[in-house]
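Have the structure beside you as you read along.

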Amino acid sequence: MSDLTLSASVGINGHNDSDDVIEVQKSLNAISKKIDLEDTLAEDGLINENTEESPTCIAICAMQSAILGFKNPDGVIDPNGKSHKALIKAVNKLASPVSNLFLPKITPEAGLKEEDFEFAATMLSCDVAAIKAVSEVESSGSGYFECGMPCILFEAHIFSKYSQHQYDESHPDISSKSWNRSLYLGGEKEYKRLQKAMSLDREAALMSASYGRYQIMGFNHETAGYDDVEPFVCDMFLAEKHHLIAFVNFIKSNHHLLESIQSLDWATFARHYNGPSYAENHYDEKLQAAYEKHGAQ
């Protein structure tokens, strides 16, 4: 496993200690295919005086764009910064065997108790009925299909983004530059789409589906409380309590969502939780109706 220890920053306007630069060059070469690095970097510890034109800095920018999704990469890796951690993670994934997502047949801990909802409401300082309303609207009150696997929906436009659009032409049924409702198969059949995408790019595929009772996207695993998408998805298989904890973490990470669920502003909540097209599906109206029902109960 790589630890890629750095004493100071490497890259554009960085400190660029030669030992640090060599470590970064080795790591970037190790993930060259993932970041579309055309030429292998010389592992010489050198960075051009005009750092922006240095091959190593250009490669750092490519890594930040491909792995972190930076639209304006800054070309510098700071010790223990986001780019540093992402580079370590990418190298270690290549060095270790791929973990198995689909576990042997298990019976998940399905369902939530009243005390679970009360705990979540306390954590978010909101009404219990508000938590129950989201639970009902997002997954009809259950986080699992009849087969025992978590409810999912695979998003082709997200897979296209995280796989750098390389499968749009060859696999248009699972990779599309724009959202296309007609690509959904629905229900358990969504796993066929997910597994097909996993055979092409495992990480991008897992990032591109929503999971469980609260339909949290894989790419939101960090805001849901997980360092990696794999343990996030595996936890969704195991227990519905994990779905709820991930939901609480996700809401707490976004002040718009937190304030709107506290104030029962369902239009704002739906816009930030379901996207700008929420009104087409009447999410805000469904949430309001579900809240009123659970509040009356």
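**Entry 1: one serine.** I began with Ser 260, whose side chain reaches the backbone oxygen of His 256 at 2.8 Å. That is a polar contact, meaning a pair of N or O atoms within 3.5 Å; within protein, one must be able to donate a hydrogen and the other to accept it, and residues adjacent in sequence count only if both atoms are side-chain atoms.

Before going further, I noted that this is a predicted model, where local features need pLDDT of at least 70 and side-chain atom pairs count only at pLDDT 80 or more, while totals for chains, interfaces and linings use all residues. Residues are numbered from 1 along each chain as its sequence is written, and side-chain values use heavy atoms, with hydrogens and water left out.

I found Ser 260 in helix α11, residues 255–263. Helices here are DSSP runs of H or I with at least four residues, strands are runs of E with at least two, and both are numbered from the N terminus. Is Ser 260 buried or exposed? It counts as buried, because its relative accessibility is 2%. (Buried means under 20% relative accessible area, exposed over 50%, and partly exposed in between, with a 1.4 Å probe and protein chains only.) Leaving aside neighbours within four places in sequence, Ser 260 is in contact (heavy atoms within 4.5 Å) with Asp 265, Thr 268 and Phe 269.

**Entry 2: helix α5.** Next I checked the length of α5, residues 128–139. The expected span is 1.5 Å times one less than the number of residues.

How many residues of α5 are buried? I read 10 of the 12, so the helix is largely enclosed by the rest of the structure. Among them are Ile 131, Lys 132 and Glu 138. The cover over these buried residues includes α4, α10, α11, α12 and α13. After α5 comes Ser 140, with a positive phi near 55°.

**Entry 3: a sheet.** I then traced an open sheet of 3 strands in the order β3-β4-β5, with antiparallel pairing. Two strands pair if DSSP finds at least two bridges between them. β3 (152–154) and β5 (216–217) stand at the edges with a single partner strand each, so one side of each has no neighbour in the sheet. Between β3 and β4 (residues 209–211) I noted 3 bridges, and Phe 154 stands opposite Ala 209 in β4.

**Entry 4: cores.** A nonpolar core is a set of buried Ala, Val, Leu, Ile, Met, Phe, Trp, Tyr and Cys residues joined through side-chain atoms within 4.5 Å. The largest has 54 residues, and those touching the most other members include Ile 131, Tyr 214 and Phe 247. A second, separate core of 22 residues includes Val 10 and Met 63.

**Entry 5: cysteines.** How many disulfides does the structure hold? I found 0, using the cut-off of a pair of cysteine sulfur atoms within 2.5 Å. Cys 151 is in no disulfide either, with the nearest cysteine sulfur, in Cys 147, 8.5 Å away.
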